[in-house]
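Trainee: Please take me through one part of this model closely. I would like the interface between two chains, with the cut-offs stated.

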4 protein chains.
Amino acid sequence: MTSLFQRLKTDCADEWCSYTHHAFVRGMGDGSLPEAAFRDYLVQDYLFLIQFARAYALATYKARSLSEMRAGLDGLKAILDVEMDLHVRLCAKWGLSTVDLETTPEKPQTIAYTRFVLDAGQAGDLLDLYAALAPCMIGYGEIGKALQKHATPDNPYAEWIAEYASDGYQEIMAASIANLDALAVDMLTENRYPRLKHLFSQATLLEADFWQMGLDAEQDEK
Amino acid sequence: MTSLFQRLKTDCADEWCSYTHHAFVRGMGDGSLPEAAFRDYLVQDYLFLIQFARAYALATYKARSLSEMRAGLDGLKAILDVEMDLHVRLCAKWGLSTVDLETTPEKPQTIAYTRFVLDAGQAGDLLDLYAALAPCMIGYGEIGKALQKHATPDNPYAEWIAEYASDGYQEIMAASIANLDALAVDMLTENRYPRLKHLFSQATLLEADFWQMGLDAEQDEK
Amino acid sequence: MTSLFQRLKTDCADEWCSYTHHAFVRGMGDGSLPEAAFRDYLVQDYLFLIQFARAYALATYKARSLSEMRAGLDGLKAILDVEMDLHVRLCAKWGLSTVDLETTPEKPQTIAYTRFVLDAGQAGDLLDLYAALAPCMIGYGEIGKALQKHATPDNPYAEWIAEYASDGYQEIMAASIANLDALAVDMLTENRYPRLKHLFSQATLLEADFWQMGLDAEQDEK
Amino acid sequence: MTSLFQRLKTDCADEWCSYTHHAFVRGMGDGSLPEAAFRDYLVQDYLFLIQFARAYALATYKARSLSEMRAGLDGLKAILDVEMDLHVRLCAKWGLSTVDLETTPEKPQTIAYTRFVLDAGQAGDLLDLYAALAPCMIGYGEIGKALQKHATPDNPYAEWIAEYASDGYQEIMAASIANLDALAVDMLTENRYPRLKHLFSQATLLEADFWQMGLDAEQDEK
């Protein structure tokens, strides 16, 4: 049986490509991305993580079994106990202090994607919630892996790339795919698929907008 | 294809019977139900309706299309604009004032069923919510119809019976069944069915407890 | 005692001005707004209304009393039973069919504002939800009234202006202000005010972005 | 300034007493509680904990700051990573297997209290949610401490008593009181207090019903 994630990716190939091969991503890959764009992205990504932690809390609340609760809790811990600290350290290397992170307002693109996911999760069920989370969780692993193949050691974004290409993150990515596929086996019907595809497509486009936000910020500064 | 409601009713035949043929129901049918039990039930049913209106508001929020929103709104209007008034008038005939209705606390059985439905709806999707609402919406129509066959004109509960046996309510019941079946065509998988059956079974038992609450109240008064 | 709405508007004067005096608004006022910008806005505003109806359904679910439930239901009916039809008719005059309305995807700005409101409402209480809804409900009345003062009869946007300057809408606006103030009397503390101001400020900026979306769409078409 | 918890406890003294001095509690204290009652309670308390973990997940989702999110996550971890295991071990000593725990249906009293808390939390804000959780979190610590004073070493319920009288749990209790008081400083108004008191009173009575459930189960077995 086809994996739900593979099916979604195939059926939303254009959106997926516009996200995973976005100019921002290519700029990280060849090191040409303006640093101002990356800094803007880093701060917004910190604010993004806070909302994503809320999404995993919601997944834990909506779980239908202890094992689903523990899966949600694992995601929540991964963000609040590990990723936030990694992020703060990476930001520090780029000259961004905790105060910068905590006092910068969320940009509309950050709001759009995170609140879309949270609302999709509240309105629907666990499958809807994880489908809306998938572009982020899975896409970052795919991007990290792809960029690492050609990244040179002096690439200023090498640490970001290494993080998402790491075995640790690749395992998280594999678990996300497996989780989505398992929920699909349980709960997906052909009649439901078009709505799920729409959710995934929308979330993927909002991720592409999130990259674009970084590029636009750098343009605005000029 | 089998109707989801018929399937649920068949698979939960014992629970369904304990609810629709409860001693309280039989007592309404032959007029032997102590009036104190009925009065206690009437007040709690008013408090129940308020929470059921909240459940239809939740269904409207969780709707995935304009037509589903309008279906939720119809349910909400039916309760807040029509049924509440009918209920207040019926209560008045039984000597229960609006003040009685508004100042009586909810009993545990009222809380158990209503909050179970609301939580099932928030945690799951529209199909979960309507499955948890079904025993009430559909069961009352079935009970009204069954009691009317043998009800004598001097039955003190004739007005209650007539209300739920009425063409108006029978149409609401038919629409509830059709709505549940339509959602099932869209979203039900065999893997999901056992959980849905559990929801329905639990909700049905909590409805039976709701009848029992009336009988117990009458015992306590003695 | 100061009205909460007046206080929020004063404390967020810059954001409020950027929204209520946006170039899009000024362009409607003097008739100079490109028609393509208005058409783009009309379609997105239809999609926006659907999500706003969901927000009123959520308010009804979150109500703490029957009168609060009826207030939420009134808002929900106003949108689903009246405004949607008005909107479809206005769209038809601008050459936009129901099919156009139903098949156009939501733009990021539409998603950002509507999902922000819905999430604020789910995460917080009724006061949070209505504070996030306020810029839309109240701002449109203020804009309609202000534009009407100088609008000439041949203004192509006269019908839109008349709608929101109408006695009917002005009453809805007054009721929204009164509702917000009443909730504040009940539930607002000074410690809580900064968060509420942040919510209102954010929602107001997202409304300004919504106007900008119309202007950008017209630029893109060129 | 008075602690919110102390105020609630004083204003709901009868309800609080009916819960913390319930016959079930007294029976644990002097060792006279029938073992069958305790076993029934243990199984339902396991099912109760699952729903309480969902309530802490909800609190994490509804948090308004990172520190509130971490507080919610701490509660969630305490239940899923620690208490559940303790509970399973205690149950094993009483001859209850994991299969017993996982296959026993929730009783109406378990449903009533847990779903009441979850719905209060979804409908209201963080203060409402924690007020509804307080009788459980704080009451158990108070009961444990009180019973320990007079418990003899051969008391069959000594392990349960020691658990809730332990320094570890007493710290959790103190943190719950402090958390509730801090939220009150931020968000409590006198106009809001009566509703909060009602929530607390209702939750306390549902806790008393939960003890009664154990006693009733033992009666039914006879």
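Mentor: Buried area is the accessible area (1.4 Å probe) that two parts lose on being put together, summed over both. For chain D and chain C that area is about 1,400 Å², with 40% of it on carbon and sulfur atoms. The model is predicted: local features need pLDDT of at least 70, side-chain atom pairs count only at pLDDT 80 or more, and totals for chains, interfaces and linings use all residues. Residues are numbered from 1 along each chain as its sequence is written, chains are lettered from A and ligands numbered from 1 in the order in which they are written, and side-chain values use heavy atoms, leaving out hydrogens and water.

Now the contacts (heavy atoms within 4.5 Å). Chain D puts 16 residues against 16 residues of chain C. Between these chains there are 2 salt bridges, each a side-chain nitrogen of Lys or Arg within 4 Å of a carboxyl oxygen of Asp or Glu. One of them joins the side chains of C:Arg195 and D:Asp186, at 3.3 Å from N to O. On the chain D side, the elements giving two or more residues are α4 (35–62), α7 (108–123) and α10 (167–187). Helices here are DSSP runs (H or I, at least four residues), numbered from the N terminus.

Take α7 in chain B. It has 16 residues and reaches 22 Å from its first C-alpha to its last. That is close to the 22 Å expected at 1.5 Å a residue, where the expected span is 1.5 Å times one less than the number of residues. In α7 of chain B, 14 of the 16 residues are buried, meaning under 20% relative accessible area (1.4 Å probe, protein chains only).

Conventions. Buried < 20%, exposed > 50% of the residue type's maximum accessible area, 1.4 Å probe, protein only.
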